[in-house]
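I'm looking up the fold first, then the charged pairs.

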Amino acid sequence: MACRIGELVLDCRDPEALARFWCEVLDFVELGREEGQGGYAIEIGPREGFGGPQPTIILRTGGEPEQGKSLLHIDVNPTDRDQGAELERLLKLGARPADIGQTGEEQWHVLADPEGNAFCLLKARLNPL
């Protein structure tokens, strides 16, 4: 095993309302909140927390949809190697670095798959936001 989908990230206008909705639909709970980049995010997931078979969902303020920009992207976590080794492996598989306005201070890498869909390579996560 090399990676698992750790979280799905959904840009939205009202994270509170969507968190309530998806928590009811999936029997999830709120796992954490984070302020930053002009808005905030709520992470929801299984009652057992992180690391299980189900990914968490991050609902973050994202304003109105922009043409050509997906409101959903995938974050992956390496499972059997460190982030640097996994980055090297993904690049060899055909991923390429993607610039979406990051500052360079992030602890994740933004990549694009062979068709140009953005996704993020995170470090392994054991704790909430």
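Predicted model: local features only at pLDDT ≥ 70, side-chain atom pairs only at ≥ 80, totals over all residues.

Where does Asp27 lie? I found Asp27 in the loop between helix H1 (15–26) and strand E2 (29–36). Most residues other than glycine have a negative phi. Asp27 is partly exposed, at 46% relative accessible area.

Next, the overall layout. I get 2 helices and 8 strands, running β-α-β-β-β-β-α-β-β-β from the N terminus. Of the 129 residues, 33% count as buried. I also noted an accessible surface of about 8200 Å², with 53% of that belonging to carbon and sulfur atoms.

Then the salt bridges: the count comes to 8. Arg60 pairs with Asp11, with the closest N and O atoms 2.4 Å apart. That pair links distant parts of the chain, strand E4 for Arg60 and strand E1 for Asp11, 49 residues apart.

Arg33 bridges to Glu16, closest N and O atoms 2.6 Å apart. Here strand E2 is linked to helix H1, across 17 residues.

Last one for today is Lys92 with Glu88, at 3.3 Å between the closest N and O atoms. Both sit in helix H2 and are 4 residues apart, so about one helical turn separates Lys92 from Glu88. Lys92 is exposed at 67%, and Glu88 is partly exposed at 47%. I also jotted down a network in which salt bridges that share partners join Asp80, Arg81, Glu86 and Arg89.

Key
Residues numbered from 1 in each chain as written. Heavy atoms only, no water. Buried < 20%, exposed > 50% of the residue type's maximum accessible area, 1.4 Å probe, protein only. Areas by Shrake-Rupley, 256 points an atom, 1.4 Å probe, with all protein chains shown as cover. Salt bridge = Lys/Arg side-chain N within 4 Å of Asp/Glu carboxyl O.
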